[in-house]
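Colleague: Could you walk me through this model before I set anything up with it? I'd like to begin with the strands and then jump around a bit.

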Amino acid sequence: MAALSFRLCSSPLICRATLDNGRNHHATDASFIRRAADLSEMSAGLTSPHPNFGCVIATPSGKVAGEGYLYAQGTKPAEALAVEAAGEFCRGSTAYLNMEPGDCHGDHTAVSALVEAGVGRVVVGIRHPLQHLRGSAIREMRSHGIEVNVLGEDFQSKVLEDARKCCLLVNAPLIHRACSRVPFSLLKYAMTLDGKIAASSGHAAWISSKLSRTRVFELRGRSDAVIVGGNTVRQDDPRLTARHGQGHTPTRIVMSQSLDLPEKANLWDVSEVSTIVATQRGARKSYQKFLASKGVEVVEFDMLNPREVMEYFHLRGYLSILWECGGTLAASAIASGVIHKVVAFIAPKIIGGSKAPSPVGELGMVEMTQALNLIDVCYEQVGPDMLVSGFLQPVPDLLPVIPSEDATFEIDPSVNPFESSIIFFYKTWDLYGSFSNFSPHPIRMPYGDDYRTWSSVEHYYQANKFVGVENPLSHDCVEKIRTAKSPEEAALVGRSKQRQQPELVRSDWEDVKIEVMYMALKCKFSTYPHLKTMLLSTAGSVLVEASPHDLFWGGGREGEGLNYLGRLLMQLRSEYLGESSVSAENTSLAV
């Protein structure tokens, strides 16, 4: 636009003013977009596996009227919170979003909040990275007469490109995961100035300062899981908690091919957070039974390598994983191409020792020209230490287009579109994600002599584990679950309490849990007509809840699960189709 104005202007003074206004306009937009990105990062570790959203609403005079960020999936959208904060100042204002809203499956809360508030313009940092959501919210806002500008598409400049980069970085885990089909992996280590992560004896406490260790706790709190190798368990006996940090406590993952692990280890205490051990198929069956008796989950792999393990945890819905392993496993992970970012704390210490371990083992490189260069390198002093971070792989900008069914048929004519298909669903961001019991669709269900509204099917299901038990602690569990800010939090409370205090769970739970789930699903699909329509549209297809680790409600990793959630949905679909047939028959008879 600035170039066009220059050509039409006759006065050099007007030309200069037009260009300056364009630059100022871009600077203002960039500033507010960066603020939206900063806001969205406040929820890191809480929204996973969903995006981080932030929203800033600014008046025409350039003053901030309202802000908001998504606390967790299933809670009020950032846009709605910002609108509430801005109040009457929304009309004619501009809303700045770090990412296009993820409205889908008829849930248009975020867009509706902006439309109903009278927002006149929306500036979007990046489109939604998931293909089935990409562009849908932007089209809807434009259909309501809102001017929508997307950075890098509707206008470009250096300052806007820098702001757009902030939006890419804040959701880098989601973007990498969507593109590479593995979780976003960050390799973290602390080393001395001469490049050692421990002394020759193996002693490693403490290389970095207390301030640096606090930053590590924060990194853990932003991750879904922390992964270490067997060597780290044997030598350091870590806890891998997020104490002193922010966010949630991540799952602990141990990779060990031989299961040569101690019987006493902090990681085997799963009273507050779970531990998963990944190993080679058939390794030490007796030790596997020992771990199972401690409540530790063991997952066997035909080939135990970082790529296979990360592909598995991608299927389990993990978004971001922090690697805190030794040099051998770090080298294997880098060579497998699953490490996306490196964070190194360098302490001003020298320990020496020709046999002292280094942070990355053998990579097979013999010349400096083969060295891996970090991208977007950042330097920061943390107490006496230097923090160096950067990406091994650039953050992808555009996602590949998923071929349609017609395109697939053209590519592979052997595909018969008339055969019954299998529809998988798991996370709420999937194409059929609304089938999940975690989808953010409130339901109103009986509770005692009255009715209560539950934020999701999962809230209602988890709470029912403790209903009717004459124990004040059971009543507390119900209230904690009912007021949980997200389905994930509700599930965490319900599952942990069931595991830690089984006496609080109703005695008939195993007998009634399927019926409880079915009644909640029936209420959900009856309450939301668009969900019922979506369910009916799957007629003739097999529905499979694709959780690889839930062998009761899900289909399991290799189809060995009972898939009760898929079964209940097909049963409900059959009921709806039967009602439609009876209704049609009655109409025909009446005619």
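Modeller: Strand β9 (residues 275-280) runs parallel to β10, and 5 bridges join the two, where strands count as paired if DSSP finds at least two bridges between them. Within that pairing, Q280 has F301 in β10 as its bridge partner. Please keep in mind that this is a predicted model, in which local features need pLDDT of at least 70 and side-chain atom pairs count only at pLDDT 80 or more, while totals for chains, interfaces and linings use all residues. Residues are numbered from 1 along each chain as its sequence is written, and side-chain values use heavy atoms, with hydrogens and water left out.

Colleague: Fine. What is the strand order in the open sheet of 9 strands?

Modeller: The order is β10-β9-β8-β7-β11-β6-β12-β14-β13, with mixed pairing. β10 (297-301) and β13 (375-382) stand at the edges with a single partner strand each, so one side of each has no neighbour in the sheet. From one strand to the next the twist averages 20°, taking axes as lines fitted to C-alpha atoms and angles from 0 to 180 degrees between N-to-C directions. Helices (H or I, at least four residues) and strands (E, at least two) are DSSP runs, numbered from the N terminus.

Colleague: And β11, which strands does it pair with?

Modeller: Strand β6 (residues 184-192) is joined to β11 in parallel by 4 bridges, with W323 of β11 as the bridge partner of L187. Strand β7 (residues 225-229) also pairs with β11 in the parallel sense, over 3 bridges, and there V226 has L322 as its partner.

Colleague: Which way do the β11 side chains point, and are they buried or exposed?

Modeller: S320 and L322 point one way from β11 (residues 320-323), I321 and W323 point the other way, and all are buried, meaning under 20% relative accessible area, whereas exposed is over 50% and partly exposed lies in between (1.4 Å probe, protein chains only).

Colleague: What does α12 pack against?

Modeller: In α12 (residues 327-335), the buried residues are G327, L329, A330, A331, A333 and I334, and they pack against β6, β7, β8 (251-255), α11 (306-315) and β11. Just after α12, G337 takes a positive phi of about 75°.

Colleague: Which residues have a positive phi without being glycine?

Modeller: Among them are D237, at about 45°, and L259, at about 60°.

Colleague: Switching topic, what is E545 in contact with?

Modeller: E545 belongs to strand β18 (residues 542-545) and is buried, with a relative accessible area of 8%. Apart from neighbours within four places in sequence, E545 is in contact (heavy atoms within 4.5 Å) with F425, Y426, W553, G554, G555, N563, L565 and G566.

Colleague: Last one, how much of the protein is buried?

Modeller: Buried residues make up 48% of the 591 residues, in a protein with 19 helices and 18 strands. Of the contacts with a separation of 6 or more, 69% are between residues 24 or more positions apart.
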